[in-house]
Amino acid sequence: MDPQKPAIQRIAVIRGDGIGQEVIPQAVKAIQAAGAAVELTEFDWGADRYLRDGITVPPEGFAMLARDFDAILIGAFGDPRVKTNIHAKEILLGLRFKMDLYANLRPVRLLDEALCPLKGVEPSDLDLVVLRENTEGVYTDAGGVFKPGTPDEIATQEDINTRKGVERIIRYAFEYCREHHKLDGSPRSKVLMCDKSNAMTHAGGLWQRVFKEVSAEYPQITAQHMYVDALCMHMVRDPRQFDVIVTNNMFGDIITDLAAGLQGGLGMAASGNIHPGKTSMFEPVHGSAPPIAGKNLANPFGAILAAAMMLRHMGLTAEADRIEAAVLEAVRQKKTTQDIGGPLGTREAGEWVADRVAGEKER
Ligand code: ATP
């Protein structure tokens, strides 16, 4: 055991809205079934709380999470009753920005050939990682409107890129590549920077210069570049070529949805929001999905895999391995929700995985 870590680590759990309310309890069941030495504390931040008392994040909320917890597991935020989406912005972007969780880590793996819409792509062909800058870009909401509602209206949306922000995510990508292996045990060897520097010359120029400088410090890693439009095309035509991809906040958002499509849809994708050495946050890639919320239809595997990612980040490797193996087996045995071709509901799929993790399903 890591002597730096307490015997029992603390996890804050925020289900949030819509299908977040359904998938997170399944992720919690898997953590408990794995017997992880953790204490879970639930917080009710989300649309219901906001509509009840107008509070999105209680005073000192982020400071409390950073001080009292080792990791955070969240579901999703977004509710049709809150038209401004203010609570989602303040909670989700607040977690990312105010806690400075600058590296959004999204592994893209194919658990079973049947889940990929591309023909001839096997699990060994799809094992890439996207590192999305998580604290800058167009998500800072800088900009404004001039003469709104008139024929002369002007809207600006600023794309903020700082030297510090660009450098730390690019460096994180190279460090990640150096320290991690693919699932088949082979070393990771390539970092590809994706931008649109031919059109967005100012911000793209900064990314280009920093990428060149940082990559020179890692001569054993192959540095590559692709424009984001070309990357989308190549990801669909031949995803085998990708290893570690690093990109800005918006391109990362878009290409990880595309990549999620390759691994079986949004319900299968997990992500981490990380600042090395600080309390980090883990979540499924999908949103609150209002059309299917409350119907026991949502795929809980993205959330369960996010929980496994979190435990691995906390040093609880054996527990993470058991949860990932159980999800893999559920996919193989078609003990899944309908979106990926199985007959089960959210709860039933989650229970199957938890039972398997606990060793109660035959091996
Ligand atoms: P956001 O802007 O928060 O990312 P969004 O509206 O773009 O949200 P989602 O809420 O993630 O996107 O979902 C879009 C659609 O994808 C859903 O309506 C649903 O059909 C499908 N979907 C998303 N997550 C899941 C899931 N876990 N299981 C099954 N289907 C899902």
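Me: In which loop does His275 lie?
Reply: The model is predicted, and local features need pLDDT of at least 70 and side-chain atom pairs count only at pLDDT 80 or more, while totals for chains, interfaces and linings use all residues. Residues are numbered from 1 along each chain as its sequence is written, and side-chain values use heavy atoms, with hydrogens and water left out. With helices (H or I, at least four residues) and strands (E, at least two) taken as DSSP runs numbered from the N terminus, His275 lies in the loop between strand 11 and strand 12.

Me: Is His275 buried or exposed?
Reply: Buried means under 20% relative accessible area, exposed over 50%, and partly exposed in between, with a 1.4 Å probe and protein chains only. The relative accessible area of His275 is 13%, so this residue counts as buried.

Me: Which residues is His275 in contact with, leaving aside its neighbours within four places in sequence?
Reply: Contact here means heavy atoms within 4.5 Å. Once those sequence neighbours are set aside, the partners of His275 are Asp100, Leu101, Tyr102, Arg168 and Ser280.

Me: Which strands stand at the edges of the sheet?
Reply: Pairing requires at least two DSSP bridges between two strands, and 10 strands form an open, mixed sheet in the order 2-1-3-12-11-4-5-10-8-9. One side of each edge strand is left without a neighbour in the sheet, because each has a single partner strand, and these are strand 2 (38–43) and strand 9 (222–227).

Me: In strand 10, which residue is the bridge partner of Cys194?
Reply: Strand 10 is joined to strand 5 by four parallel bridges, with Leu131 opposite Val246. Strand 8 also pairs with strand 10 in the parallel sense, over four bridges. Both faces of strand 10 are covered, Val244 and Val246 being buried on one side and Ile245 and Thr247 on the other. The partner of Cys194 in strand 10 is Thr247.

Me: How are helix 5 and helix 6 oriented to each other?
Reply: Their axes, lines fitted to C-alpha atoms over the stretch in contact, with angles from 0 to 180 degrees between N-to-C directions, come within 10 Å and cross at roughly 45°. Angles under 35 degrees count as roughly parallel, over 145 as roughly antiparallel, 65 to 115 as roughly perpendicular and the rest as oblique. The contact includes Ile170 and Phe174 of helix 5 and Trp207 and Phe211 of helix 6. Helix 5 and helix 6 are therefore oblique.
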